[in-house]
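Here's a quick briefing to read with the model open beside you. Definitions come along as the terms turn up.

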Amino acid sequence: MLQSDLNYIKRVFKSYYYANYQKLVKEVSEYQSREWAFQTFDNLMVRHRSITNPDELKRYLEDPPKGVYYSLSLYEDPTAEMQEKGRVSTDLVFDLDADHIYGVMSKKAYVCRKCGYIGSERICDNCSDDASPIFIVDDLTIDDVIMELKRLTDKLENLLGISSEETKIFFSGLRGFHLHVESPPYINIDDLGRIELKDLLTLEGVDFKKVRSPKASIVYMVWRDGKKVLQKVGNKHSIPPLVKKILSTHDLDELSSLLKSVEVRNDKDEIKTWLRKLVGIHIDPAVLTDLSRLIRAPYSLHGKSSLIKNPVNMDDLESGGSYVIDKSMVMRGRTEVLIKYMPDLIWAGKEYHETYNERVILPESLAIYLVNINLAEDLKPVLF
Amino acid sequence: MNWDPIEEQFKWAGKYPYSVIGKKLFKELGISIDELLEDKSPILNVAYREIASLLDDDIIVPETNEYVSLVKFYISSMIVYALGNTFLINRFIEREASRAIDFLKRASNDEIKRLSSDLGIDIAVDNDQYLIHFTDFVELIKGLSHIHWKLYYFELEKGYVKLTKRNMLRLLKEAIKEEIENIIFNIEAIPDAIAELANKIRIDYKEKLFIPRKGQDKVGSKNPDEFPPCMLYLYNNIDKGLPHPGRFTIVAFLSNVGYSVEEILDLFRVTPDFNEKITRYQIEHILGLRGGKIKYSTPSCRKIKSFGFCFPDKICKQFRVRHPFQYLKGRRRATK
């Protein structure tokens, strides 16, 4: 990245934090009992800090960090070494990230590591080598993650009894959402208990022979979303016929028998992989089960996009990815930037067309995002 | 508050001595163990036979009334703890929990709900289905090795797992075992009279108690590399000077795993302001060789946690370790 671009991004972060530092602790319950961590623009992680009031946080933000994080756990001594912190409880957090979700709409650019080619072709135009894909988020990507989020909240409510009043949802600042549960008894579930929740939601390790009742929660997981998911991806992929049949079966007894029949087949592993991909919920397992995990602070900026990790409600989600991204922009400002390559994409409700090697004016967040993923450079403020 | 007549309370406590009422009545009885021994109380004989029957199938424990059942449970707990043999402790816990389940199989739903509530688990009964919150379910299945016990194999609605009576009782058995474990491993001191009774068992059943059999372990190893993380931390920090609870804990533990007074004393020579006379006195006091002649036991994990020395590792979590001795056993199982 050009030094001038780095300076530009740091200025954006600095002015945002100068005006908004108090917000960062607003949504974090008992923030004084948590570990805080700051990622510098050199990608160093400064860990084991504690914050006792917003002004203390302000000092950490004066030289603006690329990322601000806090621990999901509450500790007796948040500044101590990991082993000596004395964990008290841990928020239950479900992280949905477009990278992990099967079949998500995404735009791609390709970079040839050999000659530096950047463009839309999988094979490099210059040296005919395989080029590496770069995954690009836009409004449609977020729309797909919203669908996954709705599937998750449905299971949390209907299976686990965790109501929307007990959860807080945040746009993560780029690729998805964080759903936080911060109340007992959930915060007291230990790591082995969390593994059970992860297995339930992702269908990991299931042996359908052991399903004794058509009302078992694993059958519900398949039954509840089967048709919906099949409608979305059914025609796009070569899904095995048995998987299609399972997903379209409405009768629970019949579905239970079909699932049991999977276990005697030679291709049972393939069938189960398809079911996990299609009806499993693609949460990040480490975020749910790791009790020492850090997570981006609400109202802090995502280092890659400069978008705010904003709280969102169900109405925001109904409005779709365009609204979520638009609401998370730091400023409405625009920026001139030299695009190396940008595919067709939709950002905060506006369409942008495929562009090669051209100086264009873009919303600041999109320009910074493209610079961060090396698809653009040379940011220049647009004053009028 | 439960206002059952006292005879009803004793009836309940006799069946479930680790219940809230059981604990309360035992405490209120204010039984002096020394007095029981002086009076040659038949309860001690019953407790002796109770423990002996865990080692010898030919010994029959006589039927007892509720009062004796209650007192016997607590005396037996102290005896197995004093013996420090994990095999025997586990057999005792298993037998007590199975005894409770036999009662519960014939019990009314109200009785099952009442005992569950005593154990900190709220359950509901809907027709023939027993409902338990999933947070309790995932906690209790950790002790069950069978792969059938996974959340997704059970019906789950609005946070509650629906179980048959058989499965509910299986989970309650785990909760009962945990409660008894907590009682045993939170015993702070073993009175002389109980230590003598434990010694008698140690002598009478020397071969059965100490010939290693499958699943049986000695208390522990003297090798610090095999110590649980809390004890290793204390052991490694002796030279920096430990606070009183830390000194007490590590001395009791080292003695339990076979260190002599002289060996423990040598470890403390590196402490700042070491005074041999005072340190020897303190060690001998903890080991029951001086003062009140009470041999202090290694504190439980709960106590160690409250002292601030608990740094659980994978083994602690995997084997749900409640006491440092259990760690030593878990470690050997994990490295097999």
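Two strands count as paired if DSSP finds at least two bridges between them. Strands themselves are DSSP runs of E with at least two residues, helices are runs of H or I with at least four, and both are numbered from the N terminus. Heads-up: this is a predicted model, so local features need pLDDT of at least 70 and side-chain atom pairs count only at pLDDT 80 or more, while totals for chains, interfaces and linings use all residues. Residues are numbered from 1 along each chain as its sequence is written, and chains are lettered from A and ligands numbered from 1 in the order in which they are written.

**The sheet in chain B**

- In chain B there's an open sheet of 4 strands, ordered β1-β2-β4-β3, with antiparallel pairing.
- β1 (123-126) and β3 of chain B sit at the edges with a single partner strand each, so one side of each has no neighbour in the sheet.
- On average, neighbouring strands here are turned by 30° against each other, direction ignored.
- β1(B) runs antiparallel to β2 (residues 129-133) of chain B, and 4 bridges join them.
- Within that pair, B:Asp126 is opposite B:Gln129 of β2(B).
- Packed on the sheet is α9(B), which touches β1, β2 and β4 (160-163) of chain B, and its direction makes about 35° with that of β2(B). Axes here are lines fitted to C-alpha atoms, for helices over the stretch in contact, and angles run from 0 to 180 degrees between N-to-C directions.
- As background, strands of a sheet pair through backbone hydrogen bonds, either parallel or antiparallel.

**Domains of chain B**

- Chain B splits into domain 1 (6-103 + 180-194), domain 2 (109-170) and domain 3 (217-335); the bounds come from an automatic or database domain assignment.
- The centres of domain 1 and domain 3 of chain B, taken over C-alpha atoms, are 27 Å apart.
- Where these domains meet, 13 residues of domain 1 of chain B are in contact with 15 residues of domain 3 of chain B (contact means C-beta atoms, placed from the backbone, within 7 Å).
- On the domain 1 side, α6 (86-105), α9 (165-185) and β5 (189-190) of chain B each supply at least two residues, and α9(B) has the largest share with 3 residues.
- That side divides into 7 nonpolar, 4 polar and 2 charged residues. Nonpolar covers Ala, Val, Leu, Ile, Met, Phe, Trp, Tyr, Cys and Pro, charged covers Asp, Glu, Lys and Arg, and the others, Gly among them, are polar.

**Where the chains touch**

- 20 residues of chain B are in contact with 25 residues of chain A.
- On the chain B side, α8 (134-140) and β3 (155-157) of chain B are the elements that give two or more residues, with α8(B) giving the most at 4 residues.

**Chain A overall**

- Chain A has 12 helices and 18 strands.
- Its radius of gyration is 23 Å, close to the 21 Å that the globule rule gives for 384 residues, so chain A is as compact as a globular protein of that length. The radius is taken over C-alpha atoms, and the rule is 2.2 Å times the number of residues to the power 0.38.
- Along the principal axes, the C-alpha atoms of chain A fill a box of roughly 65 × 55 × 40 Å.
- Of contacts in chain A between residues at least 6 apart in sequence, 68% join residues at least 24 apart.

**Strand pairs in chain A**

- β7 (residues 107-111) and β9 (residues 132-136) of chain A run antiparallel, joined by 5 bridges; A:Lys107 has A:Ile136 as its bridge partner in β9(A).
- β7(A) also pairs in the antiparallel sense with β8 (residues 118-119) of chain A, over 2 bridges.
- β7(A) and β8(A) form a hairpin with 6 residues between them, and A:Gly116 in the turn has a positive phi of about 90°.

- Most residues other than glycine have a negative phi, and most peptide bonds are trans.
- A:Pro184 and A:Pro185 are joined by a cis peptide bond, with omega about 5°.
- A:Ala348, not a glycine, has a positive phi of about 55°, and it counts as buried with 20 C-beta neighbours inside 10 Å.
- B:Lys158, also not a glycine, has a positive phi of about 50° and lies in the loop between β3 and β4 of chain B.
- B:Lys158 is partly exposed, with 14 other C-beta atoms within 10 Å (20 or more is buried, 12 or fewer is exposed, in between is partly exposed, with C-beta atoms placed from the backbone).

Conventions:
Contact = placed C-beta atoms within 7 Å.
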